[in-house]
Structure formats: C-alpha cells, structure tokens
Amino acid sequence: MRRFRPSLTWLGLLPFAAFVILFLFAPTMKIVFGAFQRADGSFTFENIAGLFTPSILSSYWISIKISVASSALGCLVGFLMAAAVILGGLPKGIRSPLLTFSGVASNFAGVPLAFAFLATLGPLGLVTVFLKTQFGINLRAMGFNILSFWGLTITYLFFQIPLMILIITPAIDGLKREWREAAQVLGATGAQYWRMVALPILFPSILGTFALLFANAFGAVATAIALTGSSLNIVPIMLFAQIRGDVLGNPHLGYAMALGMIVVTATANVIYIWLRLRAERWLK
Amino acid sequence: MKKFAAWAILLLGVTYFVLPLIGMTEFSLSMRRGEYSFDAYAKVLADPQFRQTFGYSVIMSLMTIAVGVLLVVPTAFWVQLRLPQIRPLIEFITLLPLVIPAIVTVFGYIRLYNTSSWLPLTGSLWGTNFLLLMGYSTLSLPYMYRAVDTGLRAIDVRTLTEAAQSLGAGWVLILARVIMPNVLVAVLSGAFVTFAIVMGEFTMAALLNRPAFGPYLQLMGANKAYEPFALAVIAFAITWACMGLFQLVTRFSKHTKAAG
Amino acid sequence: MSFLTIENLEKSFGANRVVKDFDLSVEKGEFISLLGPSGCGKTTVLRMVAGFETPSSGIIRIDGQEVVRLKPNQRNIGMVFQAYALFPNLTVAQNVGFGLKVKGTPKSEIDTRVAEMLDLIGLSDLGGRYPFQLSGGQQQRVALARALAPRPQVLLLDEPLSALDAKIRVSLRNEIREIQRRLGITTIFVTHDQEEALSMSDRVVVMHEGIADQVGTPFEIYNAPATRFVANFVGTLNTLEARVLDPASGRVTLGQTEIALNRPLPGPTATLGLRPEMVSLGRGTHDTALSGTITEVDFLGSVIRLRADLGGQSLAFDTFNTNRIAPPKVGDRVELGIDAGDLLVIEG
Ligand SMILES: Nc1ncnc2c1ncn2[C@@H]1O[C@H](COP(=O)(O)OP(=O)(O)O)[C@@H](O)[C@H]1O
Ligand SMILES: [Mg+2]
C-alpha cells in the first residue's frame, strides 16, 4: 500500500499530461518525424533537402529578417517608452493608462490589425493620402509598400512594442534608486550607469522578451495573410498555402517547412537560454 | 532636457498607436460618399454570416475557458500541493505554445488526427470542433496557467487543503468549494485574455475549416471595401473590453489582498 | 576655516519645510553624527551634501569650494546607503573598483587599490564573489570599501547599520570607526540610534523637525542637553518641576527639599532634568536627599529600575542588583540621594 502512494501522486497529473501529449507534443513530433519520411513511410532526407530551393530559402530569410527587425525595434521602442514614463519625470497618471493600452494592443493582432494598417498606410490609407495631398510626399513612389518587409515590420510593431512595455516595466521598476545614486556619487555619468549597471541588470529580461517577440512575429500568420494575401513570400504564408492546397507539389515538404519553423524558434530560444545563463551568474 | 526627451518619445509612440486606430475608424465610417455614416456597421450587423461566426467564436471562447479552468486549476493545485519539485517543468511546458507557432501545431493535428488515422477526429464535425477547442486551449495555456499559479501562490494551499480534509471534504469538494473561490479572480483574469485571443484567432480555425470569426474577418477583407474596417473596430472594442475587465479584476484582487 | 561647512541650509518639499536653517562646520578628519528620530530630515541633509537634492537655499562648502551647483558625480564624495546598494551584476572586486573605473584609472592601478581596500575591510578572499553570496555585514563592508576606494574628500553614511543584526551592528560600528580614524577621512554618519551616535562620534548633531537642536561632543550632549528635546531623546531623563524661591541665586524646592543650584533662574518655576543613574537609594555620600514612595520595581538583570513618587512627581532611577541587599518593594518609603550639581536645568 505504501509503495503505491507515489504513483497515486503522479496520477493527479494525468489529465494535464494527456492533454499536453495529445495536443502539443504528439502533433509536433508528427511534424518532426514526417519531415524525414516519404509518403510510404520510409526514411529520407529528401524533404529537408527540398527546403534548399531559392524560393523557400528566401521565404525563411525574409521571415527571419522581419522577425528580427520587428522584435529588435519592438524591444528598443518599448524600452524607450517604458523608461520615458517610469524614469523621465512624466506625470504619474500616464503609467496606468499606458499599461492598460499595452494590454489591449498586444492582444490586438491578427486580421483586424492588418485592416487598421491598410486603412492607415495602404494605398488609400489615411497617412498615405494625407502626406500626398498636404505635402506632396508620395510614399509609393518612394518605394514604400505596406505589402513589404517594412510594411509588415511596422505593422507587427503594433503588438511587439506593447508586449515589451508590459514585460519590461516591472523590470525597470526593479532598478533601485540607490544603484543609480551609488554610481553617480562614485563619479559615473548617466551613460556609464546605464552601460555598466542598469542595462546588464535588465539584460536577461530584455533578452527573454526579444526571444518571445521573435517567436511571436515568426509564427504570425493572420496579420500577414490579411495584409498581403499571398503576395509576400514568407514562411507562415507559404506553409499555410501548402497545408491548404499542397502548392509545393509534395505533401511531405510541408512537414519539412514546419520543422524548419520549429528549428528557427527553438534556436532562438536556445540562444536566449544560453545568453541568459551567461548573463545571470550574479543571480541566485 | 530629460523630461523633454521623455515627452517626445511618448508622443511619438502614442502617434504610432493612435493613427491606425483613427485610420480604421475613419474608413469604417466612410461607406457613404462625402459624409460619415454607420452604414458599414449596419451592413455588417445585418449579415447572417457575421452573426453565425461571431456566435460560433463566442461559444468556442467560453468552452476554451471552461476547458482551461478544468485542466489548469486542478493541475496547478496538485503541483503546488504535492509535486512542487516539478513546478519549473510544468511552467516550461505551459510556455511552449508561445514558442511553437500555432500553424505548426494545427498542421500536426490535421496530419495526426486525419480520417485515416487511429483517432479520426477531423472526419466528423464534432471531432473537428473538438480539435479546434483543444488547439485554442493550448493557445490559452500560458496565460491561464500563469494567472492561476500566481493566484494559488497568494493563498496557503496546504493549510486550506488540510483544514478542509480534517473536516472530511473530498478532493472534488476541496477544489470546487475551497480552492476555486480563492483563485476566482485569477481565473477570471486568465479567462478575459483567453476570450480576446480566441475571438480573434484565425490560423487554426481557417486550417480546420471551421466558421469562426477570424476567418470570416479575413474573407470580408478580401471581398468587401468598407465592412472590414467596421469589423476591425468591433474586434478592437472586444479586445478593449476584455483587457479592461482584466485590469479591473486584477486591480480588484490587489485591493482585496491589501485589505485581507 | 572648517573643511566642510553648511550655512543656513533650507529644504522644502512643496509646502513641507523639511530642513530649517541648518548650520554645521566639520573639521578635517572629524567624525560627526546626525542623530534624530525618523523623519526629522537627516537623510535630506546628507542627500544635499551628496548632491541628490538641491537646497532651497543655503551654502555647502567642501574644502573652501562651494558645491551646491556641482553634480553628485563631480563632488568626490563617498556614500554608504542603508540597503547596501551594491551593484548585483558586479563582483565584490568590480564593485570596489567601480569608482576608479568610471574615472578611467588604469587597470593595474585599480587592481592594486581594490586589493588594498579589500584588505582594509578584511575580505581579501571574497573579491570574486557576487553580492548575493555575501552576508549583510559583509555587503555593508564592501559598500564601505567601494565608497572609500576613489579617495573621497568626505564620507557620508546613511544609517549603514540599521539593516543588520544587533551583534554585527556593534562589531561593524567599531570597525567603521577604526577605518575612519586610520584614513583620517572627514565623515558624516546618520543614525537614529543614540548609542551608535554617542559611541562613534567626535561630535553629535541632534536634529529635531529639521533643526539642529544641539551640536556637541557626546559628553556635552549627554550631560548638558541644550533643549528639552535633546534631554529626552538622548538617554533616559527624569524631568521634574521645581518652584524657584530665589531667581538670583537659583534656590528651588523640589518636593519638600530645598536645593541651591547656584545659578540664576528666571521665572517662578524651573524644569530640572536628572538621569536615572545619578540617583542612589539611600543618601550615601550625596549632598542632597529626597524622600519618596516606591511605585514600580522593574528587574532588568544586572540593574533594577525603580520608580518613586516624590509628592506628585515621578522619578525613575537604577540600582545595581546584588544578592546582599533585597530591592525595595512597591509602597516602601525611601530616601534618595542626589547631587545638586547633577541636576540639569532644561530650557525651552
Ligand atoms: N523626495 C521627497 N518628497 C517629499 N517629501 C520628502 C522627500 N524626501 C523626504 N521627504 C520628507 O522629508 C522629511 C524628512 O525626511 P528624511 O530626511 O528622509 O528623514 P530622516 O532621514 O531623518 O528619517 C520626511 O517627512 C519625508 O517625508
Ligand atoms: Mg533617513
């Protein structure tokens, strides 16, 4: 009877374990194995090799570029905004509305977000038209297109920046006033304090947010599809089309593409964990 | 100087966030030539497909919340009570959906549970709806679990449980009568985020071919001129309401904590 | 001229005048304590010297130079905070070397100085540790080393011991004083703990509601408190109301006893202060005897604190505990011996 007890304890996790295995792990594993199988189930590297065509490679490359750009800018702008509100001596009343709005905006992704940006920076968008009629600036002629690298990056920033604000605000709050003062009184300039003390302390949080934002942008399907239809060649859109209609003409190439996505986000997270471990030697 | 820079950053940021909102609102009101009107909204609201998909997504959201509560509360409770050593692992697992793209998960579903598989869920309407519900539940898992886990940490799970056990209560009763009321606020805050996520979800519903609000939005965007913007405004309002309620609930919980 | 002078220093936060007309001169190498209850403005004075707050008015001079307009990082001051405030991302050695590094000191020079400082605080082995791996007392010693490493002109300490356990508090205060003497550094030490202030300082400034009530050596502060507040705040003091019989020669009656204080006293009454340890049970060799009734007996171990009623006024006093004499009981009538010279006349 005694011996049986520990297994009873583990039994309490059964529903959760079943859910996670059936609907998170198994589907992912199916993708991973499928990427190395032919239609008849035999083992092969053909699917992986099939990824190395110019169009698929470039789709990964564009996706990675958009994800890196939108997460880097999201981190930077989000950090600046949070720092401005917390440390910039602005009225205290601004903080709470900013956080509420960030909660809203970080969840306002997907299709409606694409509409909002079409209405603003699209060919007939508010800003596009305003710039053209009032200042004679023709965004289109200058090479700007909402259905492009920069268009997508600017759109993604709408949920990336708020996510950064939400995560980094508590971290900035955690910077003690005494640290700044101790640095100052020891002769450090503001820049030296940020470089040698504040940023290293915030680094793990910033890095974690960056990894999260990266995965967030890399896997974003809805915004991209609603914004660009299928005119922009990025991974999630290609995979979406492949799942729907096997546009690549090889069902198992879809597995390989999906595996590629997992590999990219996993790599981003491994890099994050590794950097974080290095950065956090001073933490308990 | 510092203050000036701070104001400048804030104003630039606010401009970036406000312009798209103005843009979509302006478009949504411009259906009638030369004057503002609510015509686009009237069109949308009169569309039976809008009502169907909206209703479908509302029901799916509520069911996702129910699944989340039934799955997460007992698990988080059990982990805190009996298996604290595996908490980091559980926490890690619950964060995975933020890292594995939804499109990959749902692709796995389609291939794993297709009509010729051992569990042909996609073969029936019921099964596909169930699959979508599970997909939504994975999406809400990170938020639900964090909210509930934080809520549980704020109360003394062990003492409460032992007190209830000494009075003869069983596990179901303990969870329903003792733990749930104490983490209700946490559950609610997780529920609002879940609602907002599910209402706007596109990828999973589209690939499983279910008539949800997200795919409907996309369809309208591809085919109509002004209605999509009215829909975007409505979607924004829903998100705002959810997050507003989330804030309210969170603030309320801080209040009661400070008082208690 | 003094090394550090503060003249007519004022500070208001909105309508709240936190520091009022504060004057202080500190000699080179002197150890000065600011002593006062929490909220009296000690930290604010210190922060104005360090440059974190701008005075509403007044002058602060260090070594003849007016510093009010200088930024904190231009003042060459060392500061130690209550909550250690070590940089958590830097090792002990990096923390100590921080002030030299930001000034662009060559690495070899930094290393030498850091080693010297770690040796000074007796933590030579711990240079590679991170702050979270140290005890509170060790962290505060590192904070002291960090403040001293760049050879500041003035050292400021804001309640550096209050976060520590009682035992460490006493040993560390001796250590701080020892290091201060050895380096001869001009120091201002803020505390609300009178024992700390009296035991460590060359002079003590007792602050009360933003005002320096008294500046003096620990001896003067304790034995000749200038104000009622100082008398009450520092040590335990009985205050007794006496009727003045002869203002010119200072003859008063206390209860039924006539006492000559031999100094002019204005007014029909005077407030006199008397330390509990200046009163003894029985007249003994004292020049004055008071009679009273015991109302309270408090056994504190080596000391017994008693309280007697002197015809309406209450007087606390101590006797040593010996097993040869039984302590008096409540209700006993007793004779108490005091010396007229120990009576403090309290003004204001
Ligand atoms: N930045 C500030 N803004 C407003 N009031 C302050 C500020 N700093 C201190 N005070 C007030 O000034 C008074 C003195 O504070 P402080 O100098 O910290 O006292 P102490 O160090 O003696 O405890 C307190 O009443 C405190 O509330
Ligand atoms: Mg203070």
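**A chat about the chains and the ligand**

Guide: Let's begin with A:S7, which counts as partly exposed because its relative accessibility is 35%. Keep in mind that this is a predicted model.

Visitor: Okay. Where does A:S7 sit in chain A?
Guide: A:S7 belongs to helix α1 of chain A, residues 4–11. From the C-alpha atom of A:S7 to that of A:S58 the separation is 50 Å, and the two residues are 51 apart along the chain.

Visitor: Which pair of chains has the most contacts?
Guide: That's chains A and B, out of two pairs of chains that touch.

Visitor: And how far apart are the closest C-alpha atoms of chain B and chain C?
Guide: They lie 15 Å apart, and no contact joins chain B and chain C.

Visitor: Let's switch to chain C. How many helices and strands does chain C have?
Guide: Chain C has eight helices and 20 strands. Its C-alpha trace spans about 75 × 50 × 35 Å along the principal axes.

Visitor: What share of chain C is buried?
Guide: Of the 348 residues in chain C, 52% are buried. The accessible surface of chain C is about 15,600 Å², with 49% of that belonging to carbon and sulfur atoms. As for contacts in chain C between residues at least 6 apart in sequence, 65% of them link residues at least 24 apart.

Visitor: Now the ligand. Which residues surround ligand 1?
Guide: The shell is made of C:F13, C:V18, C:P37, C:S38, C:G39, C:C40, C:G41, C:K42, C:T43 and C:T44. By class that's four nonpolar, five polar and one charged. Helix α1 of chain C, residues 42–50, gives the largest share of the shell, with three residues.

Visitor: Which side chains have an N or O atom 2.5 Å from an oxygen atom of ligand 1?
Guide: The side chain of C:T43 has one at that distance, and so does the side chain of C:T44.

Visitor: How much of ligand 1 does the protein bury?
Guide: The protein buries 59% of the 560 Å² that ligand 1 exposes when taken alone.

Visitor: New topic: C:S201. Buried or exposed?
Guide: C:S201 counts as buried, because its relative accessibility is 9%, and the cut-off for buried is under 20%. In chain C, C:S201 lies in the loop between α6 (194–200) and β9 (203–208).

Visitor: What does the side chain of C:S201 reach at 2.5 Å?
Guide: The backbone oxygen of C:A197. The side chain of C:S201 also makes a polar contact with the side chain of C:S33, at 2.4 Å. If you skip neighbours within four places in sequence, C:S201 is in contact with C:F31, C:S33, C:R177 and C:P218.

Visitor: Last one, the open sheet in chain C. What's the strand order?
Guide: The five strands run β15-β19-β16-β17-β18, with antiparallel pairing. At the edges are β15 (280–281) and β18 (313–320) of chain C, each pairing on one side only.

Visitor: How many bridges join β17 to β18 in chain C?
Guide: Eight, and the strands run antiparallel, with β17 covering residues 303–310. Across that pairing, C:L310 stands opposite C:Q313 of β18 in chain C.

Conventions: Residues numbered from 1 in each chain as written. Chains lettered and ligands numbered in written order. Predicted model: local features only at pLDDT ≥ 70, side-chain atom pairs only at ≥ 80, totals over all residues. Heavy atoms only, no water. Helix = DSSP H or I, 4+ residues; strand = E, 2+ residues; numbered from the N terminus. Buried < 20%, exposed > 50% of the residue type's maximum accessible area, 1.4 Å probe, protein only. Near = heavy atom within 4 Å. Polar contact = N/O pair within 3.5 Å; in protein donor to acceptor, adjacent residues only side chain to side chain. Areas by Shrake-Rupley, 256 points an atom, 1.4 Å probe, with all protein chains shown as cover. Nonpolar A, V, L, I, M, F, W, Y, C, P; charged D, E, K, R; others polar. Pairing = 2+ DSSP bridges. Contact = heavy atoms within 4.5 Å.
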